[in-house]
Amino acid sequence: TPPSDDFSIAVQNDKSEEDVTVHCKSKDDDLGSHVLKTGQDFQWNFHANSGGTTLYFCHVTTKEKFKQFDAFKWPNDRQRCSP
């Protein structure tokens, strides 16, 4: 079934005592870099593409660490990330 819903995603700094820089994007959308202090989040809404291949991924960096993760990957997240 092709996607038909809008989705909401939030990335939150709830573990680090220091600021983290989050840069999220998809193939078509670059959401830019955001510096998050402890307890802050970065949110966005989107409509999944008609081919069912929507993927948003994020890079998170601190002074000493780097992590990349999938923030949304169709079909894995379509059930848990609805508005």
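This is a predicted model: local features need pLDDT of at least 70, side-chain atom pairs count only at pLDDT 80 or more; totals for chains, interfaces and linings use all residues.
Strands here are DSSP runs of E at least two residues long, numbered from the N terminus. With that in hand, β4 (41–47) and β5 each supply at least two residues to the lining of the second largest pocket.

- The lining is made up of 13 residues, and Ser26, Asp28, Asn49, Thr54 and Leu55 are the ones that lie nearest the centre.
- β5 hands over the largest share of this lining, with three residues.
- Sorted by class, the second largest pocket is lined by five nonpolar, five polar and three charged residues.

**The largest pocket**
- This one has a volume of about 340 Å³.
- Around the largest pocket there are 18 lining residues, with Asn13, Ser16, Val20, Val60 and Thr62 nearest its centre.
- Two or more lining residues come from each of β1 (6–12), β2 (20–25), β5 and β6.
- β6 is the top contributor to the largest pocket, giving three residues.
- The class breakdown for the largest pocket is seven nonpolar, five polar and six charged residues.

**Aromatic rings**
- A handy way to describe a pair of aromatic rings is by the distance of the centres and the angle of the planes.
- The count of aromatic pairs in this model is seven.
- Take Phe7 and Trp74: their ring centres sit 6.2 Å apart and their planes meet at 80°, which is over the 60 degrees cut-off, so this pair is edge-to-face.
- Phe7 belongs to strand β1 while Trp74 is in the segment after β6, so the pair ties together parts of the chain that are 67 residues apart in sequence.
- Both Phe7 and Trp74 are buried.
- Phe46 and Tyr56 make a tilted pair, with 4.6 Å from centre to centre and 50° between the planes.
- Phe46 is in strand β4 and Tyr56 is in strand β5, so here the parts being tied together are ten residues apart in sequence.
- Phe46 has a relative accessible area of 7%, and buried means under 20%, so Phe46 counts as buried.
- Tyr56 is buried as well, at 4% relative accessibility.
- Step back and you'll find one aromatic cluster formed by Phe7, Phe42, Trp44, Phe46, Tyr56, Phe72 and Trp74.

**The disulfide**
- The structure has one disulfide.
- Cys24 and Cys58 are the partners, with their sulfurs 2.1 Å apart.
- The link between Cys24 and Cys58 is right-handed, with 105° about the S-S bond.
- Cys24 is in strand β2 and Cys58 is in strand β5, so this link joins distant parts of the chain, 34 residues apart.
- Cys24 and Cys58 are both buried.

**A loop residue to look at**
- Where does Lys63 sit? You'll find Lys63 in the loop between β5 (55–61) and β6 (66–73).
- Is Lys63 buried or exposed? Exposed means over 50% relative accessible area, and Lys63 has 80%, so Lys63 is exposed.
- Lys63 and Thr21 are 42 residues apart in sequence, and their C-alpha atoms are 9.4 Å apart in space.

Definitions and conventions:
Residues are numbered from 1 along each chain as its sequence is written. Side-chain values use heavy atoms; hydrogens and water are left out. Helices (H or I, at least four residues) and strands (E, at least two) are DSSP runs, numbered from the N terminus. Buried means under 20% relative accessible area, exposed over 50%, partly exposed in between (1.4 Å probe, protein chains only). On a 1 Å grid over the protein atoms alone, a cavity is a set of points where a 1.4 Å probe fits but cannot get out, and a pocket is an open set with protein on both sides within 12 Å along at least five of seven lines; lining residues have an atom within 4 Å of a point. Grid points are joined across faces, edges and corners, and a volume is the space filled by probe spheres set on the points. Ala, Val, Leu, Ile, Met, Phe, Trp, Tyr, Cys and Pro count as nonpolar, Asp, Glu, Lys and Arg as charged, and the others, Gly among them, as polar. Rings of Phe, Tyr and Trp (its six-membered ring) pair if their centres lie within 6.5 Å; planes under 30 degrees apart count as stacked, over 60 as edge-to-face and the rest as tilted. A disulfide is a pair of cysteine sulfur atoms within 2.5 Å.
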